[in-house]
Amino acid sequence: MSQGTLISNNRIRCWVPRALVEYLNLDVKVLVAEENQDIWASNFPLKKVPCFLGPGGEFKLSEVIAVMVYLINLSSNQEKKDALLGTTPEEQAKVLMFLSLGNAELAAGFPTILAQVRGEKPFSKVEMEAALRYQDKIAAIYEQRLKDHTYLATDQLSLADLFNASLFTRGFEHYFDAEWRAAHPSIMKWFNHVTASPAIAALYHDFKPCEKFAAEPPSQR
C-alpha cells in the first residue's frame with residue numbers, strides 16, 4: 001500500500017525530501033507541483049513546497065522540516081532513522097535546532113540576494129550589503145561548530161547535515177565564491193563530505209560553485 005504522495009519541485013527546500021524517498025526506499029509517489037495544480041492547490045492553498053498527502057488524502061502536511069521528519073519516520077530501517085534524527089533527546093533537539101537555523105536564518109537572505117543579482121527586483125546596495133553581512137554572521141555559527149566537529153548535530157551524518165548542505169548549495173552557486181570558500185575551510189570540508197554521502201550524492205554530479213561573485217544586477221556588470 002502506498003505511503004502517500006510528496007508534492008515538490010526543484011526549489012532548494014525540496015531537494016532533501018525527494019532524496020529521502022529514494023534513500024529510504026519509501027513507497028511514496030513524487031509529484032511535480034506545477035504539473036499537478038489541481039491536487040496541489042486544492043489541498044494546500046498557500047501553494048508552498050514541499051508538502052505531503054497521506055494515502056487517503058485526509059492527512060495533509062506542509063512545512064519542510066515536518067515533511068522531512070515524517071518521511072524518515074515512514075522508514076522501516078531503524079538504523080537509518082536513528083542516524084538521521086538522533087537517538088537521545090539531546091541529539092534530536094540538536095538536529096531540530098540546526099534544521100531550524102538553516103531554514104529560518106541561513107535561507108532568509110536568499111530572496112533579497114538572488115532576486116537582485118538576477119535582476120528580478122531593483123538593485124539596492126544597502127539591502128544587498130545587509131543581507132550578505134547577515135549571511136556571514138549565520139555562516140560563522142557553522143564554521144565555529146565545524147572546526148571541532150565532523151557533523152553539525154551529532155557524531156554521525158544526520159538530517160541536519162543533509163538539509164543544511166542543500167541550503168548552502170544556493171550560496172555556493174551564486175555568491176559564496178572562491179574567496180569566501182577559502183575563508184571558510186571547515187564549512188567546505190563538511191559540505192564536500194556531506195554531499196558525497198549516498199543520501200544526496202546523486203544531486204551533485206554536475207554541481208559547480210561560482211568563482212567570483214558580482215554584487216550588482218546583470219545590467220550593471
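**Legends to close-up views of the predicted model**

**View 1. Glutamate 63 in the loop between β4 (60–62) and α3 (64–74)**. In this predicted model, glutamate 63 has a positive phi of about 80°, although the residue is not a glycine. With a relative accessible area of 54%, glutamate 63 is exposed, because the cut-off for that class is over 50%.

**View 2. Asparagine 25 in the loop between α1 (12–23) and β2 (28–32)**. Asparagine 25 is a residue other than glycine with a positive phi, near 55°. Its relative accessible area is 69%, and asparagine 25 is therefore exposed.

**View 3. The cis peptide bond from valine 49 to proline 50**. Omega of this bond is near 0°. Proline 50 belongs to the loop that runs between α2 (37–43) and β3 (51–53).

**View 4. Helix α4 (residues 78–85), its ends and its buried residues**. After the helix comes glycine 86, with a positive phi near 90°. Lys81, Ala83, Leu84 and Leu85 are the buried residues of α4. The helices against which these buried residues pack are α1, α3, α5 and α8.

**View 5. The packing of helix α5 (residues 89–104) with helix α8 (residues 159–174)**. The axes of the two helices are 8 Å apart and form an angle of about 10°. Angles under 35 degrees count as roughly parallel, and α5 and α8 therefore fall in that class. On the α5 side, the contact is made by Val95, Phe98, Leu99, Gly102 and Asn103. These residues meet Leu159, Ala160, Phe163, Asn164 and Leu167 of α8. By class, the contact of α5 with α8 comprises seven nonpolar and three polar residues, with no charged residues. An α-helix has 3.6 residues a turn, so residues three or four places apart point the same way.

Terms used. Residues numbered from 1 in each chain as written. Predicted model: local features only at pLDDT ≥ 70, side-chain atom pairs only at ≥ 80, totals over all residues. Heavy atoms only, no water. Axes fitted to C-alpha atoms, helices over the stretch in contact; angles between N-to-C directions. Helix = DSSP H or I, 4+ residues; strand = E, 2+ residues; numbered from the N terminus. Parallel < 35°, antiparallel > 145°, perpendicular 65-115°, else oblique. Contact = heavy atoms within 4.5 Å. Nonpolar A, V, L, I, M, F, W, Y, C, P; charged D, E, K, R; others polar. Buried < 20%, exposed > 50% of the residue type's maximum accessible area, 1.4 Å probe, protein only.
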